[in-house]
Amino acid sequence: VSGSPEYLTEDLPDSIQVGGRISPQTVWDYVEKIKASGTKEICVVRFTPVTEEDQISYTLLFAYFSSRKRYGVAANNMKQVKDMYLIPLGAADKIPHPLVPFDGPGKYMY
């Protein structure tokens, strides 16, 4: 959705393992430091469930993080992607301010 998808196609696994949860403030503090450094990229990806089974799991995961006011932390070891956070956004939620404006090709990846 935003940022360069160059490494994502080779680095993102077929399934993402959730290794834990993290407070939103910790994530936003980290994102601000990354943005200020200017040496690293922030890429925003929107995940969408494909099957009915995926939809159920997706909804349960969303409800879990939303009810606890936490974000998820991906546990997969990736080469180019250092950190990956799963941020639960409802259909009517706005994109968190630290992530906008979007930059990049705006491609959807399948």
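Reader: What makes Ile-22, Val-27, Trp-28, Val-31, Val-44, Tyr-71 and Leu-99 the largest nonpolar core?

Author: The largest nonpolar core has 7 residues in all. A nonpolar core is a set of buried Ala, Val, Leu, Ile, Met, Phe, Trp, Tyr and Cys residues joined through side-chain atoms within 4.5 Å. Buried means under 20% relative accessible area, exposed over 50%, partly exposed in between (1.4 Å probe, protein chains only). Helix α2 (residues 24-37) gives the most to this core, 3 residues. A second, separate core holds 6 residues, including Leu-8 and Met-78.

The model is predicted: local features need pLDDT of at least 70, side-chain atom pairs pLDDT 80 or more, while totals for chains, interfaces and linings use all residues. Residues are numbered from 1 along each chain as its sequence is written, and side-chain values use heavy atoms, leaving out hydrogens and water.

Reader: Why is the contact of Asp-83 and Lys-82 called a salt bridge?

Author: The rule asks for a side-chain nitrogen of Lys or Arg within 4 Å of a carboxyl oxygen of Asp or Glu. Asp-83 and Lys-82 meet at 3.8 Å, N to O, so the pair qualifies under that rule. The count comes to 1 salt bridge.

Reader: How do you know whether Lys-82 is buried or exposed?

Author: Its relative accessible area is 61%, so Lys-82 is exposed. Asp-83, at 34%, is therefore partly exposed.

Reader: What is the phi of Lys-69?

Author: Near 55°, a positive value in a residue other than glycine. Most residues other than glycine have a negative phi. Lys-69 sits in the loop between α3 (52-68) and β2 (71-74). With 62% relative accessible area, Lys-69 is exposed.

Terms used
Helices (H or I, at least four residues) and strands (E, at least two) are DSSP runs, numbered from the N terminus.
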